[in-house]
Amino acid sequence: MVPKFLLFFCGAAAALVAPHPKRACVAARPSVALPDADVAAVPGDGEADRPPELEASGPAPATLATPFRAGFVGVVGSPNVGKSTLTNALLGQDLCITNSKAQTTRHRILGVANGDGYQLVLSDTPGILCDPAYALQSTMMTAAKAAARDAECVLFVTDVFEDPEVVAESAAWLDAQLASRAGDEPKPPVVVALNKVDLLGVDDDGYPLLGEASEPGLPESAALFDDEYFTDRPSRFFAAEIIREKILAQFAKEIPYSCEVRIDRFKEDLELKGRPFVNIDAAVLVARDSQKGILVGKRGAAIKAIGVAAREHLETFFDAKVHLALRVKVSKDWRADEGKLKAMGYPVAGR
Ligand SMILES: Nc1nc2c(ncn2[C@@H]2O[C@H](COP(=O)(O)OP(=O)(O)OP(=O)(O)O)[C@@H](O)[C@H]2O)c(=O)[nH]1
Ligand SMILES: [Mg+2]
């Protein structure tokens, strides 16, 4: 879906986090004027430390007249406010799965959006949970913290119905992450996106402004990634996510939260009858025996329906014919088991 949102900039966000000491964002024609929006255009203040392997090789270098800007943009906010939908819209592709259930995103997912004169390296993140209840949720927060801590600009997403107390808690969480950055590292500018304004009857689409708006918050820098580099995650990760999205869509309540998808075999670059072909074996892992029967369904109907829906989506995603073999397995209490979580690729804190 195309998200509908309004943007506010550091001045307005100053209540959430202190603005960047040397840099501020430009308010790029917000659709609704904020009463005390602080609007300022201040040039970037040079290079942030970045891994040598990310050094420039992409689009045109900065010129004095139109400096090229590039950097990491952390897309953070409470669960279900539309972070992944917004990230996809900026990327122009449905890379991250979305769903009306909270806690859909479990990992930090990098996506690169190239624009005229800038490159946004977006990090979609799991929704902020100030009080994680089990190990999986803690790893999700480890991922969100990392994105907030290395962001050169933060896109803080909220929506028109979010409880102000929850917004304040999430903002305080963000503030704590930014405060914990290395001593001399300045706090990044924060852009606030108020999402789902269509639900108030506002039909304004702020999204074309977003690249423009985020860009002044980023340092002057050559592109960090080549033009063709789009994400840090491999194809098999997205295959697992697409299958998980079908589980989220098909089951209510706790079942999706108890499932993980493991890709056991992923063979791409195959060909079948002259068409590209991808062959996938995957297991849906559930936390308890009793959940296995629910996932499988009567005479296998539930898992079959997931498989059919997932295969259709995978064929579009990979633009290829897909064979998908799905099975259901019990991985006892995997959500609470740090060893299992680590093996599944979650960033277990302290390891
Ligand atoms: N009406 C409306 N719905 C939206 C908008 N943006 C997102 N949504 C819906 O809101 C729900 C949550 O969107 P997501 O993008 O999955 O939210 P998220 O913040 O990534 O959620 P988590 O990953 O769970 O933290 C989905 O059902 C989206 O379709 C919008 O602008 N308007
Ligand atoms: Mg999400």
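Reader: Two strands pair if DSSP finds at least two bridges between them, so which two strands form a hairpin here, and how many residues lie between them?

Author: Strands β7 and β8 form the hairpin, with two residues between them, and Lys273 in the turn has a positive phi of about 50°. Strands (E, at least two residues) and helices (H or I, at least four) are DSSP runs, numbered from the N terminus. This is a predicted model, in which local features need pLDDT of at least 70 and side-chain atom pairs count only at pLDDT 80 or more, while totals for chains, interfaces and linings use all residues. Residues are numbered from 1 along each chain as its sequence is written, and chains are lettered from A and ligands numbered from 1 in the order in which they are written.

Reader: OK, and do β7 and β8 run parallel or antiparallel?

Author: They run antiparallel, and 10 bridges join β7 to β8. To find one of these places in the structure, you can look for Leu270, whose bridge partner in β8 is Phe277.

Reader: What sheet do they belong to, and which strands are at the edges?

Author: The sheet is open and has three strands in the order β7-β8-β9, with mixed pairing. The edges are taken by β7 (260-272) and β9 (321-330), each of which has a single partner strand, so one side of each is left without a neighbour in the sheet. On average, neighbouring strands of this sheet are turned by 10° against each other, direction ignored.

Reader: In what sense does β8 pair with β9?

Author: Strand β8 (residues 275-286) pairs with β9 in the parallel sense, over 10 bridges, and Val286 stands opposite Val330 in β9.

Reader: Which residues of α6 and α8 meet?

Author: From α6 (residues 235-250) and α8 (residues 301-318), which pack at an angle of about 135° with their axes 9 Å apart, the residues that meet include Phe238 and Ile242 in α6, and Ala309 and Leu314 in α8. Here contact means C-beta atoms, placed from the backbone, within 7 Å. By class, this contact of α6 with α8 has 11 nonpolar, two polar and one charged residues. Ala, Val, Leu, Ile, Met, Phe, Trp, Tyr, Cys and Pro count as nonpolar, Asp, Glu, Lys and Arg as charged, and the others, Gly among them, as polar.

Reader: Switching topic, at what angle do α3 and α4 pack?

Author: Helix α3 (residues 135-149) and helix α4 (residues 164-179) pack at about 60°, with their axes 9 Å apart. In that contact Lys145, Ala148 and Arg149 in α3 meet Leu174, Gln177 and Leu178 in α4, which gives three nonpolar, one polar and two charged residues.

Reader: And how many residues surround ligand 1?

Author: There are 24 (near means a C-beta atom, placed from the backbone, within 6 Å), and the closest are Gly82, Ser84, Thr98, Thr105 and Gly127. Helix α2 (residues 83-91) gives the largest share of this shell, three residues. By class, the shell around ligand 1 holds eight nonpolar, 12 polar and four charged residues.

Note on methods: Axes are lines fitted to C-alpha atoms, for helices over the stretch in contact, and angles run from 0 to 180 degrees between N-to-C directions. Two residues are in contact if their C-beta atoms, placed from the backbone, lie within 7 Å. Two strands pair if DSSP finds at least two bridges between them.
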